[in-house]
Structure formats: C-alpha cells, structure tokens
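Work through the exercises below with the model open beside you. Try each task before reading its solution.

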Amino acid sequence: MPLHAARLDTLPPYVFAVLGERLRQMELAGIDVIRLDIGSPDMPPPPHVVETLYRSSQNPDHHGYSGYRGIPSFRQAIARYYQHKFNVELNAEKQVLPLLGSKEGIVNLSLAYLDKGDLVLIPDIGYPSYMQGARLAGADIHWLPVSPENHYQPDFDAIPTDIAHKAKLLWINYPNNPTGAVANLDFYRRAIDFCKAYDILLVSDNPYCEVVFDGYMAPSAMQIAGASDVAVEFISFSKSHNMAGWRLGAAVGSPTALQTLLRIKSNMDSGHFHPIYEAGIDAIDHTPQSWLDERNRIYQNRRDRILAALPDIGLQADKPLGSLYLWATPLHTDAQTYVERALTEAHVSLAPGGAYGPGGTNYLRISVGMSDERIDESLNRLKVWYSAHQYA
Ligand SMILES: Cc1ncc(COP(=O)(O)O)c(C=O)c1O
C-alpha cells in the first residue's frame, strides 16, 4: 500500500469523526449514549419540502447532471430569499452559487484562495472546518482571540498591521457555533471596513440565521453597502429547514470570489440531484414563518430547560440568542475531565471545547438538537452522576 499524501500529516483527524467512532463502539457494547455533542437537527423538514422532493423525483427528466452552478430557478430563489429576508439585492446569475452544504464551501474556498504559507484569520473559538480547510491548503493560521467580554467578536484594531497586510481570508460566524454569540450590523460594518483596508476576503458563515430566540433577528453581512466587493456569505438549509442530510447550501456575494470558488468546485462535484434544488426552492418560497417560529420555540424551550439545570450539574453558561448550542464551562473541574466523565460514567456525550480552537479548552458545548425526552433524560443522568461525585 503506498504512503498517504503528505498533506494529511498536517491535517489532524476531524474531532467529531473520532468521537463518532468511539460512540459507535460504546453503542455496539450495548451502552445507550445520549448525544448532546452534535448539531444535527432532530426534527424533520417542512412536510411540503419532502413532498416536492418525492414529486420531482418522479419526473424522468430530473435524473441527469444539473450543472455546476445548479439550476437557474434555485439561484433565483436564493436571490428572492435575500431580498425578502435582508432587503439585499443579488444578481442571481453572478452572485449566487449552490453549495453541497456550507462545510464543502468552507474547505473549497480555502483551497481556492490559500497556498502553502498564506495567512488566514480565524477566531480562536469557531467551527473546526475553518482551520481544517486552512491546514488542507497548507496555509498558516493567525488566531483572533475572542472572549465573553467582547461577545466572542474579534477586535480588528488589535490585529497587528503586518499580519493584516499578509492575510487573505477572514472567517466570521454569527449566530455562532459553538458559543451562541450574535453580531449586529455595526460589527459587520467594521469587519468589511477592515477587509477593504487590507484587501482581505471576508467570509461570513451564516448557517444559523434562521435559528434565533427571544424575538432576535440575525442580520447578514451582505446588508452593508459595498459588501459584495469584499465579502461572501454562506447559508445552509441544514439548520434553517432541518435538512442537514440533504447537503444543500449557497454562497452569495462577490462575483469574483464565487467564480474563483467555482473553478475548484467544477473540478470536484457536479451539482445536486435536481429534485433537491426543487425542494430547496419550495423550502424558501413556501415555508410559513409560523413553521420556523414553532421550531425555534421548541429549541428555545430546550435551551431554557438546560440553562435551569446547569447549577445542578456543575456548569455555567450564558443564554444564547441563536444557534443550536449552549457554551458552558464547568465550575469545579476542567472541561476535558467533565466531558470524559460525563461520557464514560453518565453516558451523555458533550462536545469538548478544545475542538473549536485553543481558546475553547475550558469549555464544552451542549446541543439542543435532541428530542425533549432525551434532553430531560440526559439532564437527569448528569444530575445523578454529578451529585454522586460531589465536585462542589
Ligand atoms: C458554523 C457552521 N458552519 C458550517 C456548518 C456546516 O453546515 P452544512 O455543511 O451542513 O451546511 C456548520 C455545521 O454545524 C456550522 O456550525
């Protein structure tokens, strides 16, 4: 067997792939593990979307390649979505590109823009694919410190000038995975001004813009005048419409950046199954706001149940206004020990904060993408376990 490519040596295994394998072994051994570590929505998509997928798949003409840029009506639906939701006008031909989920977009955009030795700016606590994409491209990472004090937003003024001059990409993500932090238009304006000043491509990864609580509405980076000159934004049906397995998302914004991304993508994939585009269009055009509100109300209720239980399980966390996560810190032990013991002793799987960057090591992430019954059971298990061990 030949030796694997050298680039794999700089690519640590994806933490959740390793964890998933470990959990599979536990399940094979007959252990019932409750997975609060994953951000996969537990509820189904709107029924009319599934119906459209089925109906469209009956059409004998819908089984061929759909084209590298997807079907025009899907691009137009994404443009309609931005107009309707954010009051942003997009050119459906030049400023919209379908993605096979935003994870694909993150890694392929990294490959499209970063060479060995190039520099990318990544918040130190963020979705792991930003760093994995950079590593796959052989690029160097400059971590931007974030903390609860600055609402998990990077301070652009604190970035050394030589670093800013060298950087090619800046990743941001609000509502944020894993912290649940949100950002307002003033933050996006500062991000765009910074990227304009230093000729950096801003990537606003925005898959949670529809997963919001307490009446909060998440803005888009594209709302800032001139954003399309320096920025792209990724959205995803995974979380907005509970369609994680469908692998459907879109990149919007800078025509140049999308064209550059397409140069990689057209050599990697050949678009989606046509019925998936049609179902995506239907999701955008015919999902009532009441469906989104009710889904978010269920998540919010779970969030509140978990928050109320935290003192009894030795954790503390801020209340997130969006995303699927609570970003918690243990009161009486380190996060790694807590995660390990919660798994092996209470059979509740939590995501270790260190997976999201060096700054995350004192934290763990709890997902609300699990049924009410299983969340309640996991909290009971953790309460029993925690009180028996009396860390307090
Ligand atoms: C911030 C963020 N970006 C991107 C993704 C990838 O989403 P998908 O590839 O399913 O669109 C996720 C998934 O959890 C995420 O949390």
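Asp-199 sits in the loop between helix 7 and strand 6. Helices (H or I, at least four residues) and strands (E, at least two) are DSSP runs, numbered from the N terminus. Residue numbers start from 1 along each chain, following the sequence as written. The model is predicted, so local features need pLDDT of at least 70 and side-chain atom pairs count only at pLDDT 80 or more, while totals for chains, interfaces and linings use all residues.

**Exercise: backbone details in loops**

Solution. Next, go to the loop between strand 5 and helix 7 (185–198), where Pro-175 is found.

**Exercise: the ligand shell**

Task: How many residues surround the ligand, and which are the closest?

Solution. Apply the criterion: a residue is near a molecule or strand if its C-beta atom, placed from the backbone, lies within 6 Å of it. The ligand has 13 residues around it, and the closest are Gly-101, Lys-103, Asn-177, Ser-236 and Ser-238. Then sort the shell by class, with Ala, Val, Leu, Ile, Met, Phe, Trp, Tyr, Cys and Pro as nonpolar, Asp, Glu, Lys and Arg as charged, and the others, Gly among them, as polar. The shell has 3 nonpolar, 8 polar and 2 charged residues.

Task: State the order of the 7 strands in the open sheet and explain why strand 2 and strand 4 each have a side without a neighbour.

Solution. Two strands pair if DSSP finds at least two bridges between them. Strands of a sheet pair through backbone hydrogen bonds, either parallel or antiparallel. Here the order is 2-8-7-6-5-3-4, and the pairing is mixed. Strand 2 (96–99) and strand 4 (140–145) are at the edges with a single partner strand each, so one side of each lacks a neighbour in the sheet. From one strand to the next, the twist averages 25 degrees.

Now take one pair. Strand 2 and strand 8 (residues 249–253) are antiparallel and share 4 bridges. Pro-98 has Ala-250 in strand 8 as its bridge partner.

Task: Which strands are at the edges of the open sheet of 4 strands?

Solution. The order is 9-10-13-12, with antiparallel pairing. The edges are strand 9 (315–317) and strand 12 (351–352), each of which pairs on one side only. Further in, strand 10 (residues 325–330) and strand 13 (residues 364–367) run antiparallel and are joined by 4 bridges. In this region Tyr-325 stands opposite Ser-367 of strand 13.

**Exercise: helix pairs**

Task: Decide whether helix 12 and helix 14 are roughly parallel or roughly perpendicular, and do likewise for helix 13 and helix 14.

Solution. Axes are lines fitted to C-alpha atoms, for helices over the stretch in contact, and angles run from 0 to 180 degrees between N-to-C directions. Angles under 35 degrees count as roughly parallel, over 145 as roughly antiparallel, 65 to 115 as roughly perpendicular and the rest as oblique.

Helix 12 (residues 289–309) packs on helix 14 at about 5 degrees, with the axes 11 Å apart. The two, helix 12 and helix 14, are therefore roughly parallel. Contact means C-beta atoms, placed from the backbone, within 7 Å. Arg-302, Arg-305, Ile-306 and Ala-309 of helix 12 make the contact with Asp-372, Ile-375, Leu-379 and Lys-383 of helix 14. These residues divide into 4 nonpolar, no polar and 4 charged.

Helix 13 (residues 335–346) and helix 14 (residues 372–389) pack at about 105 degrees, with axes 10 Å apart. Helix 13 and helix 14 are therefore roughly perpendicular. Here Ala-342, Glu-345 and Ala-346 of helix 13 meet Arg-381, Leu-382 and Trp-385 of helix 14. By class, this contact has 4 nonpolar, no polar and 2 charged residues.

Note on methods: Two residues are in contact if their C-beta atoms, placed from the backbone, lie within 7 Å.
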